[in-house]
Each structure stands twice: as structure tokens, then as C-alpha cells.
Amino acid sequence: MRANETTYRNVAKNCSAYSAKNECKCTNSTGDSDISCTTCKHFSKEEYCKLDLFDPIVAEHHF
């Protein structure tokens, strides 16, 4: 993983382009939304944002 899961969640919550993968249930065991870069359709298998938004969001919010 390029970043830890907490960072992926924080970035996804602050990303205007977040879009859940089609196969993603996007809820966790408690029924809460599981919004994360890892559940976004723009997140590649190589663990990079295809829209190149990850680093700017991290820099803006200091995650």
C-alpha cells in the first residue's frame, strides 16, 4: 500500500471525484459507509489515483 488506510479514507472523503467501484458494497461490518481510495473506481491496481488527485488532496489537508 502506498499509504495507510486512514489516509485513503480521509482523502476519499475530501475528493470531489470519488466514485464507488461497481462491485463495491461500500459499507463496513457496522453498516457505515466505507469510503476510501481503495473503493474508488479511479484507484488503479498499482494503488494510484488515475486522476492524479491523491497528492494534491494530501498536501491541501496535511494528512
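This is a predicted model: local features need pLDDT of at least 70, side-chain atom pairs count only at pLDDT 80 or more; totals for chains, interfaces and linings use all residues.
Visitor: How many helices and strands does the protein have?

Guide: Helices are DSSP runs of H or I with at least four residues, strands are runs of E with at least two, and both are numbered from the N terminus. Here there are two helices and zero strands. H1 spans residues 5-13, and H2 spans 54-61.

Visitor: What share of the residues is buried?

Guide: Buried means under 20% relative accessible area, exposed over 50%, and partly exposed in between (1.4 Å probe, protein chains only). Of the 63 residues, 29% are buried. The accessible surface comes to about 4400 Å², and carbon and sulfur atoms hold 46% of that. Such areas come from the Shrake-Rupley method with a 1.4 Å probe; for residues, only the protein chains shown count as cover.

Visitor: Which buried residues does H2 have, and why are they on the same side?

Guide: Start with the general idea. An α-helix has 3.6 residues a turn, so residues three or four places apart point the same way. In H2, the buried ones are Phe54, Ile57 and Val58. They cover an arc of only 100 degrees around the axis, so they sit on the same side of H2. The arc is taken from the directions from the helix axis to the C-beta atoms.

Visitor: What covers that side?

Guide: The cover over the buried residues of H2 includes H1. Check contacts, meaning heavy atoms within 4.5 Å. Beyond its neighbours within four places in sequence, Ile57 is in contact with Val11, Asn14, Cys15 and Phe63. On H1, look at Thr7. Thr7 is buried at 14% relative accessibility. With the neighbours within four places again set aside, Thr7 is in contact with Phe54, Val58 and Phe63.

Visitor: How many residues make up the largest nonpolar core?

Guide: A nonpolar core is a set of buried Ala, Val, Leu, Ile, Met, Phe, Trp, Tyr and Cys residues joined through side-chain atoms within 4.5 Å. The largest one has twelve residues, including Ala3, Val11, Tyr18 and Cys37. H1 and H2 each supply at least two residues of this core.

Visitor: How do I read the aromatic pairs?

Guide: A pair of aromatic rings is described by the distance of the centres and the angle of the planes. Rings of Phe, Tyr and Trp (its six-membered ring) pair if their centres lie within 6.5 Å; planes under 30 degrees apart are stacked, over 60 edge-to-face, and the rest tilted. The structure holds two pairs. In one of them, Tyr8 and Phe43 have ring centres 5.1 Å apart and planes at 75 degrees, so the pair is edge-to-face. Tyr8 is in H1, Phe43 is in the loop between H1 and H2, and the two are 35 residues apart. Tyr8 is buried at 1% relative accessibility, and Phe43 is buried at 11%. Together with Phe54, they form one aromatic cluster.

Key. Residues are numbered from 1 along each chain as its sequence is written. Side-chain values use heavy atoms; hydrogens and water are left out.
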